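Dear colleague,

Please find below the structure that I am handing over to you.

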Amino acid sequence: MDADSAKYRKELAGFSIEYNPAKAYYIKHRPFILQVSLGDMDLEDAFWVKLKPEYLESRLGEFLDDIFSGNRRQQAKYRSWLDVRENPDLPDMYTALLEIFAEWRSGKCTLHFFANQGPEIKMTDRLDDHLSLMQSPEHRMEETPLLDLVIEQKLDVLDYLANSGYFKDKQTMMEFMQTNMLMFFLDKHGYKLSASPIVETDKDLLPIAEKLQSAKLIETPDLSETFAITEEGRQAISRTIAETESYIDQYDVFKDVFFDPDSGALEFETGRGKDLRVQMYEHEDLDPVRIVFLLRLYDSTFDEVQAAWRDSIHSEQFFGEILSPIMNAERTDEDMVEMVLEAGYNFSEAQFDTAKEAESQEELLRRIREE
């Protein structure tokens, strides 16, 4: 394959790398190097390990299942082959790759594989069909077979959540998030959206605005071509804010839950606990997608994208990032959930009582001073 048509053409200082499966075929009896980099990552930061030549007849899929297996015994075998004297970071790099492959197997992301300076590699392709040659007089390395693998990772949060049963229809969920996002910017940031816009980005907002208009949440008042929030829209915003505040009041205590295995005690707000809010929403038959979206809508997350929100509002990737806390949620053992809930509510009640007592004392002191 012509290197000019390859998607990736990375180089490594001090080494020559040439994608040449035909030439590498004649030395494939030698041990080869697996080199793995992610996307545009420099090869200086790539993971590598020297492997026995018999792997070269494997198909890519079975090879990856082996070297990046979820089996700890398999992982230990490959860890023992890492040259930590040459690069002490290799074990940590291997762990990071294991996490990526675990996410891939669970459906949290998609992976695509490319040969550096070569084509995309299919899971059914043999390794020896995509070998490069690596050598370096500077490092006293003779011509060595190299599988120079580049991995592209794409997170598909919305697809993962849909496939996991968090919602049935991705398009309906997108419309829910888009309409609420547009209302947010019309309200909090006072964005003036014309009903007859000239700018293309505003024209693209009109289908979303029309859904809000049909629900009587926004309108174009007489003699005005700019959308305005209706009284019904104001009431809907107030209800949404009240709903969001109720989730904060009831469940924020579970964002820092620490279990002490020695004492068997549960502690809250220690700074070293797990965020179990998503698991608590699920246990109480609430909708984690709705709750996480509303929490992030009103916690300044959307303020951070103010400059580009008119583009972000159409992006599945953007909304996937907004909902990513669900996919990445920490969890405790199911048999502990009821205990966590009870302890958390008791902790919140005690804090509330303490705050009320302090407030009463302050009020009493204020009255004494006034007398």
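E267 is partly exposed with a relative accessible area of 27%, whereas R272, at 52%, is exposed; here buried means under 20% relative accessible area, exposed over 50%, and partly exposed in between, with a 1.4 Å probe and protein chains only.

Before going further, please keep in mind that this is a predicted model, in which local features need pLDDT of at least 70 and side-chain atom pairs count only at pLDDT 80 or more, while totals for chains, interfaces and linings use all residues. Residues are numbered from 1 along each chain as its sequence is written, and side-chain values use heavy atoms, with hydrogens and water left out.

Salt bridges

The structure holds 16 salt bridges. Side chains of opposite charge can pair when their charged atoms come close. One of these bridges joins the side chains of E143 and K23, at 3.5 Å from N to O. Because E143 lies in strand β7 and K23 in helix α1 (residues 21-24), this pair ties together parts that are 120 residues apart in sequence; helices (H or I, at least four residues) and strands (E, at least two) are DSSP runs, numbered from the N terminus. Both partners count as partly exposed, E143 at 24% relative accessibility and K23 at 41%. Another bridge is formed by the side chains of R126 and D128, at 2.6 Å from N to O; R126 is partly exposed at 26% relative accessibility, while D128, at 5%, is buried. There is also a network of salt bridges that links D252, K255, D275 and R277.

A buried lysine without a bridge

K10, in the segment before β1 (16-19), is buried and yet has no salt bridge, since its nearest side chain of opposite charge, D40, is 6.0 Å away. For this search Lys and Arg count as positive and Asp and Glu as negative, whereas His and the chain ends are not counted. A polar atom of the K10 side chain does, however, lie 2.6 Å from the backbone oxygen of G39.

Pockets

The largest pocket holds about 630 Å³ of space. On a 1 Å grid over the protein atoms alone, a pocket is an open set of points where a 1.4 Å probe fits, with protein on both sides within 12 Å along at least five of seven lines, and lining residues have an atom within 4 Å of a point; grid points are joined across faces, edges and corners, and a volume is the space filled by probe spheres set on the points. This pocket is lined by 25 residues, of which F15, I33, W48, E86 and M141 lie nearest its centre. At least two lining residues come from each of β2 (32-38), β3 (47-51) and β7 (141-155), and β7 gives the most, with 5. By class the lining has 13 nonpolar, 4 polar and 8 charged residues, where Ala, Val, Leu, Ile, Met, Phe, Trp, Tyr, Cys and Pro count as nonpolar, Asp, Glu, Lys and Arg as charged, and the others, Gly among them, as polar.

The second largest pocket holds about 350 Å³, and among the 18 residues that line this pocket, R277, V292, L295, R296 and D299 are the closest to its centre. Two or more lining residues come from each of α9 (231-251), α10 (277-283) and α11 (288-297), with α9 giving the most, at 4. The lining of this second pocket divides into 9 nonpolar, 2 polar and 7 charged residues.

Backbone angles

Most residues other than glycine have a negative phi. K216, in the loop between α8 (206-214) and β8 (218-219), has a positive phi of about 65° although it is not a glycine, and K216 is exposed at 52% relative accessibility. S300, in the loop between α11 and α12 (309-312), likewise has a positive phi, near 85°, and is partly exposed at 33% relative accessibility.

With best regards

Methods. Salt bridge = Lys/Arg side-chain N within 4 Å of Asp/Glu carboxyl O. Polar contact = N/O pair within 3.5 Å; in protein donor to acceptor, adjacent residues only side chain to side chain.
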